[in-house]
Amino acid sequence: MNPVEGKAIRLSGLRKSFGRTEAVAGVDLEIADGEFFSLLGPSGSGKTTVLRMIAGFEPPTAGTVELAGRDVTRLAPFERDVHTVFQDYALFPHMTVEQNVAYGLKVRRVPRAARLRQAREALDGVGLADLGPRRPAQLSGGQRQRVALARALVDRPRVLLLDEPLGALDLKLRERMQVELKALQREVGITFVLVTHDQEEALTMSDRIAVLHEGRIAQVGTPAEIYERPATAFVAGFVGTSNLLTGATAEKIVGRAGTYSVRPEKIRVLSGTAADGPPEPDHSTTTGTVTEVVYLGDTTRFLVGLDAGGRLTALQQNLETSSEDVAALRGSRVALRWHHRHNFRVPDAN
């Protein structure tokens, strides 16, 4: 496909060094027009540096950045058709909400009537049509985040870059804003690129995710691909909670050598006597002792020391149980069972 047709961003051989430290060690990536794409990784993985190179805030040591087929590697941020929303929102406290949203249009000398109309339309688009006269200090955290989005979207950039935009919000508001942000992206149809270390946030909002590790891309895929079929042991351990079966333990339980990932929610926790009955076709079964129980309200997490060696974490819904019921299972003998299809071979592990 021609990069102009359908490709909002193309990164080729992108590298960035700070002295002797290589923060980004060769990234090749294409992001489609209208895609909600996340750069996911722990602190120090290089995700924010990649975003800053797309925005033009950091020049790459090597490689190129293309936007809609145009090489913008050496262009200043204001010469690129992108806008960035930061975690701290960077709103002007002395300006009204409407003035904040219209500020960029004012800098570009858009006539006053036109910029106020566009600012009001942008505020309406994020559900803040009535708050234009207020100052940022009079708004909640979620409202300030929406103002920052409206300011970034007011002139419809080709790409919107989001640098941990929900990190300052409390849990409930963050969960609500995840849904609202994805709905807004669908409505405006602009390419969104999100940087986050929050796996749930990336899984909730993204069309595709790139998982970064030590300055390189460990895997690119849809949320389901990243979660269900991790390409490396790092991805399996970082995205969600994963159990890794290795060595002799894997051979005893799975019946084959290698390293296997099995997610906690796929595992059923049964009474210890369940292992004495006839084997269930196409299922893996192992036994052990519950060493810890974590009651989470809607679910309970069990940490089980295995007779075969190692340990597994299992997650069980609390359909008819209470905290007292599950706490009593600490120290109990249990059997763990899951379908063979949930034993996913981790390709790069031995």
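On a 1 Å grid over the protein atoms alone, a pocket is an open set of points with protein on both sides within 12 Å along at least five of seven lines, a cavity is a set where a 1.4 Å probe fits but cannot get out, and lining residues have an atom within 4 Å of a point. Grid points are joined across faces, edges and corners, and a volume is the space filled by probe spheres set on the points.

Okay, with that on the table, hello everyone. What we have here is a predicted model, where local features need pLDDT of at least 70 and side-chain atom pairs count only at pLDDT 80 or more, while totals for chains, interfaces and linings use all residues. Residues are numbered from 1 along each chain as its sequence is written, and side-chain values use heavy atoms, with hydrogens and water left out.

Let me begin with the second largest pocket, at about 370 Å³. Its lining is made of Q199, E200, L203, T204, Y227, G240, T241, P264, E265, L296, R301 and L315. Which helix gives the largest share of that lining? That's α6, residues 199-205, with four residues. When I say helix, I mean a DSSP run of H or I with at least four residues, and a strand is a run of E with at least two, all numbered from the N terminus. By class, this lining splits into five nonpolar, four polar and three charged residues. For those classes, Ala, Val, Leu, Ile, Met, Phe, Trp, Tyr, Cys and Pro count as nonpolar, Asp, Glu, Lys and Arg as charged, and the others, Gly among them, as polar.

Now the largest pocket, with a volume of about 690 Å³. It is lined by 26 residues, and V82, H83, T84, G104 and R108 are the ones closest to its centre. Three elements, β6 (82-85), α2 (97-107) and α4 (141-153), each put at least two residues into the lining. Of the elements, α2 gives the most, five residues.

L51, R52, A55, F57, T84, F86 and D163 line it. Helix α1, residues 47-55, supplies the largest share, three residues. Four of the lining residues are nonpolar, one is polar and two are charged.

Helix α1 lies across β1, β2 and β4 (62-67), and runs at about 120 degrees to β1. That angle is between N-to-C directions, on a scale from 0 to 180 degrees, with axes being lines fitted to C-alpha atoms, for helices over the stretch in contact. The sheet is open, with four strands in the order β2-β1-β4-β5 and antiparallel pairing. Its edge strands are β2 (21-32) and β5 (70-71), each pairing on one side only. Pairing here takes at least two DSSP bridges between two strands.

Going through the pairs: β1, residues 7-18, runs antiparallel to β2 with nine bridges, and K7 faces A32 of β2. On to β4, which is antiparallel to β1 and joined to it by five bridges, with L11 opposite V65. Then β4 and β5 share two bridges, again antiparallel, and L67 has R70 as its bridge partner. Two residues separate the strands in that hairpin, and A68 has a positive phi near 55 degrees.

Last stop, further along the chain. Why do I call strand β17, residues 333-339, largely enclosed by the rest of the structure? Because five of its seven residues are buried, which means under 20% relative accessible area with a 1.4 Å probe and protein chains only, where exposed is over 50% and partly exposed lies in between. Strand β13 (268-271) runs antiparallel to β17 with four bridges, and V269 stands opposite L336. Strand β14 (283-295) is also antiparallel to β17, through seven bridges, with S284 opposite W338.

Buried or exposed, at 14% relative accessibility? T299 counts as buried. Beyond its neighbours within four places in sequence, T299 is in contact with V294, L315, Q316, Q317 and N318, contact being heavy atoms within 4.5 Å. You'll recall L315 from the lining of the second largest pocket. That's my tour, thanks.
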